[in-house]
Amino acid sequence: MSLAIAQEIKRCWVIGIDFSEEMLKLSRINLVKYPEGKRIHLQYGNAMDLNFADDFFDCAVLAFSLRNVDDISHVLKEIKRVVSPDGIVITSDISKPEYPFFFQLYYYFYHLVPRVRKMISGQKGPYNYLPTLLLIFLTVFN
């Protein structure tokens with residue numbers, strides 16, 4: 001997501017935050033392939049307690065992260081704190097589909113992803129939680 005933002009908005013600096021050191025390590029390796037990677041700083045962090053001053057950012061983008069926190073409301077308050085009052089907050093995450101057909105399709109897909117990953121890598125992986133997550137994750141924005 002950080003790379004896509006830096007590629008689209010040419011005059012910006014991007015700070016990418018993740019709670020997984022391994023994901024940050026892989027991302028740093030990938031970013032050196034792109035000139036925009038020079039405008040991206042990746043750092044370890046926790047969305048529940050961001051290490052930035054109030055009103056620090058002009059924009060915040062949360063990509064598939066709300067599903068991984070214990071307290072969505074707290075995270076949104078923390079994001080509001082670090083984004084300037086005239087700033088923009090964008091979230092992108094999964095939600096539970098309302099229509100039965102789409103729910104079955106999503107549920108099937110989220111059962112399929114962990115199995116495909118295991119077939120490719122030979123290992124169980126971080127996607128094993130997706131079927132359960134889909135059942136419990138509720139859309140915050142109605």
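**Notebook: surface, fold, pocket**

I looked up M1 and found it exposed, with a relative accessible area of 53% (exposed is over 50%, buried under 20%, partly exposed in between, with a 1.4 Å probe and protein chains only). M1 sits in the segment before helix 1.

The model is predicted, so I note that local features need pLDDT of at least 70 and side-chain atom pairs pLDDT 80 or more, while totals for chains, interfaces and linings use all residues. Residues are numbered from 1 along each chain as its sequence is written, and side-chain values use heavy atoms, without hydrogens and water.

M1, V61, I88 and I90 make a nonpolar surface patch of about 350 Å² (residues with over 30% relative accessible area and no salt bridge, nonpolar side chains joined within 5 Å).

I went through the fold next. The protein chain has five helices and four strands (DSSP runs, helices H or I of at least four residues, strands E of at least two). Their order from the N terminus is α-β-α-β-β-α-β-α-α. Of the 142 residues in the protein chain, 27% are buried.

Last, I looked up the largest pocket, which holds about 1900 Å³ of space (an open set of points on a 1 Å grid where a 1.4 Å probe fits, with protein on both sides within 12 Å along at least five of seven lines; lining residues have an atom within 4 Å of a point). Its lining has 48 residues, and S2, G16, I17, V61 and A63 are the closest to its centre. Strand 3 gives the largest share of the lining, seven residues. By class, I noted 35 nonpolar, nine polar and four charged lining residues.

Conventions: Grid points are joined across faces, edges and corners, and a volume is the space filled by probe spheres set on the points. Ala, Val, Leu, Ile, Met, Phe, Trp, Tyr, Cys and Pro count as nonpolar, Asp, Glu, Lys and Arg as charged, and the others, Gly among them, as polar. Patches are made of residues with over 30% relative accessible area and no salt bridge: like charges are joined within 9 Å, nonpolar side chains (Val, Leu, Ile, Met, Phe, Trp, Tyr) within 5 Å. Accessible areas come from the Shrake-Rupley method with a 1.4 Å probe; for residues, only the protein chains shown count as cover. A salt bridge is a side-chain nitrogen of Lys or Arg within 4 Å of a carboxyl oxygen of Asp or Glu.
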